[in-house]
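Thanks for making time this morning; I would like to walk you through one protein model, going from the overall picture down to a handful of individual residues. Please have the viewer open while I talk.

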Amino acid sequence: MPRTRFVSLGIHVPDRVVTNHDLTKWMETSDEWIQQRTGIKERHWVEGNVGASDLAFEAAKKALAKAGWEAKDVEAIVYATLSPDHNFPGDACFLQAKLGVPGIAALDIRNQCSGFIYGLSVADAWIRSGQFKRVMLVGAEVHSTGLDISTRGRDVSVIFGDGAGVALLEATEEEGMGVLSTHLHADGRYAKDLWTEAPASCMNPRLTHQMLEEGRQYPKMDGQKVFKNAIVRMPEVVREALTKNNLTTRDLKVLIPHQANLRITEMVQRSLELTDEQVFNNIQKYGNTTAASIPICLAEAIEARNVQRGDLVALAAFGAGFTWASALIRW
Ligand code: UT7
């Protein structure tokens with residue numbers, strides 16, 4: 001049975017850098033509070049009318065160039081986002097049109113922070129089954145146009161950043177290489193602890209002036225509940241992946257945790273007893289880019305940690321849904 005290997009990664013963030021100090025112009029917050037509680041120093045936010053698919057397109061071009069592929073070499077796009085350009089159709093279709101490859105499969109994944117790993121699981125299943133040999137896997141978000149950038153929304157809006165990461169995946173016949181396994185979980189009982197309520201097709205009308213005034217179109221979060229669940233579920237799902245493959249934390253070259261909060265990833269590191277060299281973080285520069293955070297972090301970690309062929313890489317995520325997931329990759 002073929003396995004899935006990562007051929008290349010491409011990342012893209014908007015040029016505009018928004019520092020913690022910049023945020024103090026719009027809300028009561030401070031660089032000290034944000035850094036102490038989250039580790040974030042700055043994030044990138046779009047200017048003007050730029051959608052997630054525009055960021056994804058830039059990242060896709062870089063990934064294609066690195067791989068030496070043309071867009072027409074891709075047989076399917078799997079695209080994870082919670083901030084698609086429009087309600088429908090999915091962003092994979094918009095990206096496909098920008099890449100100029102009509103006809104190929106285009107699938108959107110709506111699993112928030114775990115979206116990239118859920119997407120990897122789908123792409124891996126397609127590749128293993130022989131349905132597709134070359135898949136483009138995308139995580140892309142534009143949060144900044146949908147945040148409550150005022151004191152009312154400060155607990156959420158200081159965290160999120162815009163960005164995109166693209167991985168090109170290909171079938172390999174090499175035994176023991178590539179994606180070893182993926183592990184997916186969800187608990188919908190907590191769906192409303194991190195969500196955007198409106199516009200809502202379960203409400204008629206979907207959006208009213210009153211709802212807008214109340215700010216129900218903005219993301220809301222029970223931060224402490226998310227935090228407490230994340231620090232349990234992320235180590236748990238990494239251990240699940242290692243156990244499934246008869247491996248231990250000592251075998252790991254690097255863990256790429258979803259970048260939600262530096263305090264979360266530090267606690268995950270402690271819980272798994274990993275060294276600083278075994279965990280890579282870049283939330284300081286990008287904030288939480290949700291579905292894009294893992295590919296952005298992975299791309300930088302491969303360079304910074306000099307990941308070589310055969311090294312063991314783990315991905316782990318936790319977020320809205322609640323959803324959580326992990327993947328083990330023999331690079
Ligand atoms: O991608 C996955 C989803 N997200 C996460 O994983 C996030 C998980 N949660 C968190 O990262 C943290 O809960 C936050 C960083 C969001 C908040 O940190 P916290 O330590 O849980 O703070 P808190 O919500 O308990 O709020 C503490 C205080 C409150 O003031 P009072 O009530 O103690 O007077 C907040 O009003 O901090 C206040 N606060 C702020 N102050 C300055 C909340 N946001 C801010 C802010 N600047 N941006």
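This is a predicted model: local features need pLDDT of at least 70, side-chain atom pairs count only at pLDDT 80 or more; totals for chains, interfaces and linings use all residues.

The protein chain contains 11 helices and 13 strands. Its radius of gyration is 19 Å, close to the 20 Å that the globule rule gives for 331 residues, so the chain is as compact as a globular protein of that length.

As for burial, 55% of the 331 residues count as buried, and the chain exposes about 14600 Å², of which carbon and sulfur atoms supply 48%. Looking at contacts with a separation of 6 or more, we find that 76% of them are made by residues 24 or more positions apart.

Now to the domains. The domain assignment gives domain 1 as residues 3-172 and domain 2 as residues 178-330. Their C-alpha centres are 14 Å apart, and across the boundary 48 residues of domain 1 are in contact with 50 residues of domain 2.

Let me move to the local details, beginning with the loop between β9, residues 194-195, and α7, residues 209-214, which is where A198 sits. Which residues does A198 touch, once those up to four places away in sequence are set aside? The list is M203, R206, L207, M211, R216 and Q217. With a relative accessible area of 4%, A198 is buried, since the cut-off for that label is under 20%. A198 and Y218 are 20 residues apart along the chain, and their C-alpha atoms are separated by 7.8 Å.

The peptide bonds in this loop deserve a careful look as well. A198 is joined to P199 by a cis peptide bond, with omega about 0°, and P199 likewise belongs to the loop between β9 and α7. A cis peptide bond also joins N204 and P205, again with omega about 0°, and P205 is found in that loop between β9 and α7 too.

The next point concerns backbone angles, where two residues other than glycine have positive phi values. For N246, phi is near 55°; this residue is placed in the loop between α8 and β11, the latter covering residues 254-257. For T290, phi is about 50°, and its place is the loop between α10, residues 283-286, and α11, residues 293-304. Are these two residues buried or exposed? N246 counts as exposed, at 73% relative accessibility, whereas T290 is buried, with a relative accessible area of 1%.

Finally, I would point you to N229, which lies in helix α8, spanning residues 223-244. At 17% relative accessibility, N229 counts as buried, given that the label applies under 20%. Leaving aside its neighbours within four places in sequence, N229 is in contact with F318 and F322.

That is the tour, and I am happy to go back to any of these residues on the screen.

Conventions
Residues are numbered from 1 along each chain as its sequence is written. Side-chain values use heavy atoms; hydrogens and water are left out. Helices (H or I, at least four residues) and strands (E, at least two) are DSSP runs, numbered from the N terminus. The radius of gyration is taken over C-alpha atoms; the globule rule is 2.2 Å times the number of residues to the power 0.38. Buried means under 20% relative accessible area, exposed over 50%, partly exposed in between (1.4 Å probe, protein chains only). Contact means heavy atoms within 4.5 Å. Accessible areas come from the Shrake-Rupley method with a 1.4 Å probe; for residues, only the protein chains shown count as cover. Domain bounds come from an automatic or database domain assignment.
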